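Please study the sequence and the three-dimensional structure shown below. The paragraphs that follow lead through the contacts between its parts and then through some local details.

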Amino acid sequence: MIVRFTVNGEKAAVEAPGSRRLLDVLREELALTGTKEGCGEGECGACSVLIDGEVVNSCLVAAGQVEGSAVTTVEGLATDGTLSPLQQAFIERGAAQCGICTPGMLLAAHALLAENPRPSEDEVRVGLAGNLCRCTGYTKIFDAVLACRT
Amino acid sequence: MAKVTGAARYTDDLVIAGAWYGKTIRSTVARGTIREITFDPGFDWSHVVVVTAADIPGDNVVHLIRDDQPALAARAIRHQGEPILLIAAPDRATLQAAERHVRVAYEPDPEPPVLTLDAATETYTTIEIAKGDVASAKADVVVERTFRVGLQEQLYIEPQGAIAYPGKDGGVTVIGSLQCPYYVHRALKRALKLIDQQVVVIQAETGGGFGGKEEYPSIVAIHAALLARKAGRPVRLIYDRHEDLAATTKRHPGVIRHRTGVKRDGTLIFQDITIVLDGGGYCTLTPVVLSRAAIHATGPYACPNVRIRARAVATNTPPNGAFRGFGAPQSLFAAELMVEHVAERLGVPSLDLRRQWMLRLGDTTATGQKLTESVSADVVLDAALKAAPAVRPSDRPTVRRGRGLSLVFHGSGFTGSGEKKLGGTVAVEALPDGTFRILTASTEIGQGTKTIFCQLAADALGVPIDRVTLAPQDTSLVPDSGPTVASRTAMIVGGLVQQAAAELKGRRVGKVEKSYIQPDTIHWDDQTYRGDAYPVYAWAATIADVEVDTVTGEVRVTDLVTAVDCGKALHPVMAEGQIEGGGLQAVGWATIEEIKMQDGRYLNDRLATYIIPTSLDAPRIRTILIENPYSGGPQGAKGIGELPMDGPAPAIIAAIHDATGVWIDEVPATAEKVLTALRNADCGLRNGTVGS
């Protein structure tokens, strides 16, 4: 089938079996390799993307499910080459070490701040609970997200 | 920058036209021999490449220390998940179909598989360290205790993977997720019978390592290269999480026994320690892990009489290997809890005993090493105590709170004469555009190598940091700086970068190469295990606060305070990042990360069942950086990568005791074990015995 949706604000039409994982469609059909595969079963959150503003694990979403939706990946966070405040804060505060969880973590944090612009640390912990990081101990990630409260 | 925009290219992100997909077929028995491999004649094999041990042009070994591990099992099987054959196909569907049409039949071994350390009969290596005379030392009080430590998965979030390209000259290029390009380079040469120039190894952006990408990538690379050569085209061999968990190396489990003798006033008289680590089915780096475990076994304490007998054994379980701390977390766990047990027996606070025993400037370690500089046991202890939050009482009747403390040291760099033998090399060159380039095989795996090296070079050159770059970690471009392991990158390799840059200062052209020369003040004897085991030690004190739910047995670490002396924090934010990340990894090891086995196979070999700490489980982590410089390190820096793995586990176990009164002398202290201990205590039974 042909699946039509928008990715990072641009229209996309992809010929794919409806059951193909959104993760594979993004990485292999649209060359958006910022979305990572860490476990393939929805545990690690490395493949997190936003569908109509909500965080999902793209390894658990079938391509057919995004028909008509707006998908945001990490490649869509910067605008005209300018990093988002969160991306900037991740760099400044050392929230990205190896970087493999970073795209998913950024998207989860974006969704959290969009819904709750002034989260407490506990709310940040809950908001990021679906995204595993093995490098940072999360502390610097919390710092970066809390620094972007508005 | 590239990591926050999605532009960073990890191995699986690389698009290679015409590349096939590879897969490893692994044993489903723990011990036996391969009787027959059959390929279903009903399946169309014309679009599939198959590689078996017979296709290996060179020696069928994964070159490392003992060379006992075959790249592909030819006959004998020593563990579950052992690689037997490789297949590659143009697309994933064909690959999966082909996998289903291969059958491996096994001949069971007359002997049953050895599945536990206690049942092991084969020994990989033994180490004995002796100081003074334990046998004739007279003590008033003798305490004996046995400690157990469990398997742990590194769980880098990017699984193992490599892509191999066949070369025109019969050679091969491998790009992969790895820590040590030259380990892979040597392993490829040996297995594929190639010369230096025929093998190129390139590190892609690497999504975490923690030791897990020290030796295992050699296997992935050999497999990918064998497939690529036979297929005559590039082959991608990317593990999924299940395969990575099921087959790759873990932290060595072990049993450590302590017999400690003291005078009534607490004076430490002797430490008699035995260590047994389980190496698994093949030797891998086990002898070196055992060595670090043995040398750190006394803890950071000065004892006149020490006997350490360490042994690594073979079992029919997947091989264990490098993991942050490299044996030291295991032996320091036991050493630190032993302080608690002796203190309890003497009826004194364990903090007082630590102060009484701790190594000070001029003291000698178990190997007879006299500590002449940068000794900070007392400093880190004071700093951690000062920074610890006020103890809060529990507000729930079924939850008890407690606090525990630990004091550890960690040798920076390779053990003994390792650095001398290695002679790691780097170069710094001046480029025509006025910038400078560092040439090193040391890899960036998230810990900050790139930034630290550029910063050290820029400082030494006297130029802004944006005028210094790092050449890619590509063996055709950079010299062998040694592996990115052992907390040696900043201190040893960083030191070479600094020296090379300093010599290049003021020059507009040219290149300066530097190789490590061990200071002549360092003496080590590999035979007797006497001398300067490490150039210097880093120190840490950790305070852990826990909540123990007495109904569920669940342990939650609420606060972790670590004071660390790393000589010089070259980049304070990154240094903190190492302490925080290593600290949480240790919290996982101490509380929830447990691997269950059945017939030599890991039962929880998926991320749904192997649990690591999430943002909800992470304690508030506070780091205090102390800089007690080392004269041989760049700007005074010592190692920092592994140290944070050492302290939290014993502090957490001591905190559980503080909260509940029960001792769990093992990690992980899972809810199940805590609950059992609490029940036994309720029944008037003690968990373990405090003997004499």
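Between chain B and chain A there are 25 residue pairs in polar contact, with both residues at pLDDT 80 or more. A polar contact is a pair of N or O atoms within 3.5 Å; within protein, one atom must be able to donate a hydrogen and the other to accept it, and residues adjacent in sequence count only if both atoms are side-chain atoms. On the side of chain B that touches chain A, α1 (2-5), α13 (572-591) and β27 (620-626) of chain B each supply at least two residues. The largest share, 8 residues, comes from α13(B). Helices (H or I, at least four residues) and strands (E, at least two) are DSSP runs, numbered from the N terminus. By class, this side of chain B has 21 nonpolar, 14 polar and 13 charged residues. Here Ala, Val, Leu, Ile, Met, Phe, Trp, Tyr, Cys and Pro count as nonpolar, Asp, Glu, Lys and Arg as charged, and the others, Gly among them, as polar.

The model is a predicted one, in which local features need pLDDT of at least 70 and side-chain atom pairs count only at pLDDT 80 or more, while totals for chains, interfaces and linings use all residues. Residues are numbered from 1 along each chain as its sequence is written, chains are lettered from A and ligands numbered from 1 in the order in which they are written, and side-chain values use heavy atoms, with hydrogens and water left out.

In total, 48 residues of chain B are in contact (heavy atoms within 4.5 Å) with 41 residues of chain A. The two chains bury about 3600 Å² between them, 55% of it on carbon and sulfur atoms. Buried area is the accessible area (1.4 Å probe) that two parts lose on being put together, summed over both. In chain B, the residues that lose the most area to chain A are B:Val4, B:Ile157 and B:Ser615, together 21% of what that side buries.

Salt bridges also cross this interface: the rule, a side-chain nitrogen of Lys or Arg within 4 Å of a carboxyl oxygen of Asp or Glu, finds 8 of them between chain B and chain A. A:Arg27 and B:Asp12 form a salt bridge at 3.5 Å, N to O. Another salt bridge links the side chains of A:Lys140 and B:Glu576 at 2.6 Å, N to O. A:Lys140 belongs to helix α5 (residues 139-147) of chain A and B:Glu576 to helix α13 of chain B, so this pair joins two chains.

Within chain B, an automatic or database assignment gives the bounds of the domains: domain 1 (369-410 + 534-692) and domain 2 (418-515). Their contact takes 17 residues from domain 1 of chain B and 14 residues from domain 2 of chain B. These domains bury about 1200 Å² between them, 63% of it on carbon and sulfur atoms. Across their interface the rule finds 0 salt bridges, but 3 residue pairs in polar contact.

Some local details remain. Most residues other than glycine have a negative phi, and most peptide bonds are trans. B:Ser374, however, has a positive phi near 55°, and this residue lies in the loop between α8 (350-357) and α9 (377-387) of chain B. A cis peptide bond, with omega about 0°, joins B:Val667 and B:Pro668.
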